[in-house]
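Welcome! Work through the exercises below one at a time, and try each task before you read its solution.

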Amino acid sequence: MGIRSWLLGEREPRPPRADHVVEVAWLPLWQCQLALHDLWENEIPATMSEDHTSMLRFAAREPMGRIFVMEVRADVARTAIAECLGIDPPKQDR
């Protein structure tokens with residue numbers, strides 16, 4: 001395998017890992033708390049962290065929060081958040 005095929009070639013997506021935590025949403029803090037409780041009601045274990053650096057980088061005009069779940073439940077969590085808030089949940093890397 002050459003570097004060109006490594007850079008430009010199609011690669012199969014890796015399967016979700018049961019021991020990894022991933023970010024599923026980056027939302028205003030008040031929406032983050034609503035979505036977090038909705039995830040708990042749907043029996044999806046999740047946690048939240050407040051993102052204090054978003055104000056310093058002008059990435060947001062209000063306090064923001066991030067929601068994290070285990071990687072194997074990420075798709076289910078994103079769907080539940082979308083149903084709760086009515087929008088596709090953005091992530092920090094998007």
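**Exercise 1.** Is Cys84 buried, partly exposed or exposed?

*Solution.* Before starting, note that this is a predicted model, in which local features need pLDDT of at least 70 and side-chain atom pairs count only at pLDDT 80 or more, while totals for chains, interfaces and linings use all residues. Residues are numbered from 1 along each chain as its sequence is written, and side-chain values use heavy atoms, with hydrogens and water left out.

Step 1: recall the classes: buried means under 20% relative accessible area, exposed over 50%, and partly exposed in between (1.4 Å probe, protein chains only).
Step 2: the relative accessible area of Cys84 is 36%, so Cys84 is partly exposed.
Step 3: Cys32 has a value of 0% and is therefore buried.

**Exercise 2.** How many disulfides does the count come to?

*Solution.* Step 1: a disulfide is a covalent bond between the sulfur atoms of two cysteines.
Step 2: the rule here asks for a pair of cysteine sulfur atoms within 2.5 Å.
Step 3: by this rule, the count is zero.

**Exercise 3.** Check the span of helix α2, then find what covers its buried residues.

*Solution.* Step 1: helices (H or I, at least four residues) and strands (E, at least two) are DSSP runs, numbered from the N terminus.
Step 2: the expected span is 1.5 Å times one less than the number of residues.
Step 3: α2 (residues 29-41) has 13 residues, so it should span 18 Å; its end C-alpha atoms lie 19 Å apart, which agrees.
Step 4: the buried residues of α2 include Cys32, Ala35 and Leu39.
Step 5: with contact meaning heavy atoms within 4.5 Å, the cover includes β1 (21-28), β2 (47-51), β3 (64-70) and α3 (74-85).
Step 6: after α2 comes Glu43, with a positive phi near 60 degrees.

**Exercise 4.** In what order do the three strands form the open sheet?

*Solution.* Step 1: two strands pair if DSSP finds at least two bridges between them.
Step 2: the order is β1-β3-β2, with antiparallel pairing.
Step 3: β1 and β2 are the edge strands, each pairing on one side only.
Step 4: β2 and β3 are joined by five bridges, and Thr47 has Phe68 in β3 as its bridge partner.

**Exercise 5.** Which residues does Glu23 touch, not counting those up to four places away in sequence?

*Solution.* Step 1: locate Glu23 in strand β1.
Step 2: its relative accessible area is 16%, so Glu23 is buried.
Step 3: Glu23 touches Arg66, Ile67, Phe68, Arg78, Lys91 and Gln92, not counting residues up to four places away in sequence.
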